[in-house]
Amino acid sequence: MNCTRRNFLIGGSTTLFLSGYFPKISFASMQKKNLIIISLRGGMDGLTAVPVIGDKRLKKLRKKLILEDVLNLNSDFGLHPKLEIFHKLWQKNQAAFVHATNIPYTGRSHFDGQNLMETGAHIPYKEKTGWLGRGLLASNIIGKGLAISLPMPLLLRGVPQNNNFFPSPDFVETKLIDQIYNEFKGEHNELIKSTLDTIRQRPLSMQIATDSDDRKKLALEAAKQLKDQSGPRVAVFDLDGFDTHAAQGGVDGAHADELEEVNKIVTILHENLGQAFDNTLILTLTEFGRTIKQNGGYGTEHGYGSAILMAGGLLKKSQVYTDWPGLKKKELFEGRDLNSTIDSRAVYNSAMSICFNQDPDFLRKEVFWGDHLPDLSQELFKI
Amino acid sequence: MSLNFYRRVAFGLSPHEKPYKDPLNWATNQLDAIPDFLWPGTIPTEKELRKKYGEWVYGDREVLRKKFKNDKYAYRKAKDELRIKTGERYFELNEHAIRHFQTKYSKQPVFERFWLFWGNHFAISEKDFLAEFSTGPYQREIIRPNMVKTFEEMVQSVTTSWCMIHHLDNSESFGPNSKKGMEWRETINENHARELLELHTVSPNAGYTQEDVIQLAYIMTGWAHKWDRKNLETGDIWFDQEMHQKGDKIVLRIKYKNDGKRELAKVIHDLATHPICIKFVSTKLCRHFITDEPTEEMINPVIEAWNKSNGSLIEIHKAVIQQAYKYNEITHKFHPPEIWLMQLSRMFDLNVPLSFEKMNYSFKLKPNNRQRQLSWILREIGHSPYRAKQPNGWSDLEVDWVSPELLLRRFWFASVELPMLVKSENRSHDFILSCLKNNFEDHKNMASLIHQFRFGTSDKDLGRKYGVICNLPEILKV
């Protein structure tokens, strides 16, 4: 029997347990799997988050940015000390990293890059929907997206009825909605009316929440919703501030502050998802990495290759998955940036295929126009 | 004619206005001349603000980053001081005040609605410090004066404006066979060319190819800001022959002979008068004023007016208003948050924006909470006008504005914030009833929904009344 008793209990249904023997596949398909994407806007520096150890060239080019006290991952890579939770999860095979990866975009504009990381396309502004939205639609998963932001992020667009959570600065008396609900008559008011339904059906915790400045509270509520078997299957977080042109620093610099935010969100998700964490994948997304060389302001400029930070019980094992291109001048992209040897969209496509129970090849065609994106599910995730 | 026409094409009627005898005439008469700005406070020029932009960027990039390379705390502190000194956190607030004062008090509110439309059609999205220093003056100085000219003239001005060129990176676009392109091994940046085709003129309906985009980008090479060490990217726009791609170009099957600076005006002429462009923009206008999915019957008279007047925006605007009038009773249009707020401010005479005396800024302290209030509200209701995420601007479709949080934010504003913006003399229940009567046929039903709160005048009671009223289908839509 492939399925351990512990896993089985997580499924939650005693009746099923008592009825005995289930092949792993049907067991897996009844589990709700969560896919959580954390957008890191501004260009996350993969070499700060997951530094390569003992590279003389990096030391030379980044004299003021080199980290002391990195957390140990393996003989080649370390981990930024602010990413504690990833280190903790690494011990349990629940954290992993893809390195030297990026979307296929080399233009170094935040503006275009952020558009492309969300649409998954090649030409900025050409597509009006996001790869995650298209993936959900192709998998016929409707009304299961939750954005932790006020506007619906481009990433989730393309599938109807998404929910979002980003409460107003003060408590809203939602019973006022009851007073006007019946005024929404006729077909042309259907959309608003059904959205009012979504609001009215919200759990109390979502209704009474205020203050979206507190990211902790947002993450806590997201975890609560994701944990619910009938709740959302996809959540999108948005962080910015990774554009550290100055005072990027090492252990305590400006980039570290941002990584600390990622760490906070993942910590809260991990603590509060409970056993649902075992059926969850958390992946970061960014528009590009940063230059190898520090600039005059001890910061870095816009680059190319970066890293994806991953956490969750659906990971195959703790690993730094990479086809390391090296940091010698001729190995760098245009002589200045870490190269990208893995199209990050392959990682996202594989993650969707795992979480949405879909054939990766089908998704690749539906979501990424049949672009050549190898299936990495075997290497990265539990199947 | 229903009273909702005043909201369909404008911002509703203020307590000092009464319904007009001939609403169609009232509306079309507003479009021949550009109304002055009414804001009694400071209205800085685009050039002044661009200079401030330069001081901010230069001060930060060239001075502070080097000075505080090792100390992020000291760097942040110095940066905050520079923000105050250059007005980096102030000018956008002032622009919002200018804009909302205008829509609240303008005698030509219909003109103002078109102003908002064009500002969004030729959108400047959130990039660098454009929202802080540039988008407001761009809409005042580039968009507005062209609203009594032709569409073609509007496109010419927009395309060579500093703001749009910076926004879409045309300064970084080099003809690969130009002098500088060869020397620096640089090539084109297609952004601006693509958006000129896709968003500003012919739209993808024209069936242009990637090669068309490239060829148009070649034509546009050279239109750039004049760079120097001190102003960085904030120099004036000029045509740099040394960046310009040499040779003939072909866009949408039309050949443009090698003619340097003059090529751009020629191609814009052809794009702005292209039948597909005319149809695309006419459709957008109808979508804005009539309904999300306008029909051919709605759009065709606008196209006719366009053709007949050779693209005169005055005539086009009039045709749009006539169509909006014609279809007023049988169509519905959802209003995005900012227009909703402007309408509430006008109909209920709210204290929005803050008085100009209180908006004065000393460049010594950071803007206070009162000064930030309007911009904060706009952000919280999800519609900070100069901060669209993409160059296609804010959506005009209901489906993009209806999400749980975006609807809740309107309840939040109306029930929590709005009561604090009600003038002291307007707190009575009768005042609300009179405003409703002034603007809605169905005012009795609306009033009945707040009847139970009629005796209350506290902020909380007002919050309940406005929370209900402002979110009724009659107010969210026309």
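View 1. Strands here are DSSP runs of E with at least two residues and helices are runs of H or I with at least four, numbered from the N terminus, and two strands pair if DSSP finds at least two bridges between them. The structure is a predicted model, in which local features need pLDDT of at least 70 and side-chain atom pairs count only at pLDDT 80 or more, whereas totals for chains, interfaces and linings use all residues. Residues are numbered from 1 along each chain as its sequence is written, and chains are lettered from A and ligands numbered from 1 in the order in which they are written.

β4(A) pairs with β9(A), residues 306–311, in the antiparallel sense over six bridges, and I308(A) in β9(A) is the bridge partner of V98(A). With β10(A), residues 320–322, the pairing of β4(A) is parallel over three bridges, and there F97(A) stands opposite V320(A). A parallel pairing over two bridges also joins β4(A) to β11(A), residues 342–343, where T101(A) has I342(A) as its bridge partner.

**View 2. The largest nonpolar core around M310(A).** This core has 229 residues, and those with the most contacts inside it are F86(A), F97(A), L281(A), M310(A), A351(A) and L216(B); a nonpolar core is a set of buried Ala, Val, Leu, Ile, Met, Phe, Trp, Tyr and Cys residues joined through C-beta atoms within 7 Å. Leaving aside residues up to four places away in sequence, M310(A) touches A95(A), A96(A), F97(A), V98(A), L281(A), I282(A), L283(A) and L315(A), contact requiring C-beta atoms, placed from the backbone, within 7 Å.

**View 3. The side of chain A that touches chain B.** In this interface 40 residues of chain A are in contact with 38 residues of chain B. The elements that give two or more residues to the chain A side are α7 (110–119), β6 (163–164), α9 (175–181) and α10 (190–200) of chain A, and α10(A) gives the most, with six residues.

View 4. Helix α18(B), residues 337–347, is mostly covered, with ten of its eleven residues buried, among them W340(B), L341(B) and R346(B). The cover over these buried residues includes α1 (5–8), α5 (91–105), α20 (369–380), α22 (404–417) and α23 (429–439) of chain B. Just after α18(B), D349(B) takes a positive phi of about 50°.

Key
Contact = placed C-beta atoms within 7 Å. Buried ≥ 20, exposed ≤ 12 C-beta atoms within 10 Å, placed from the backbone.
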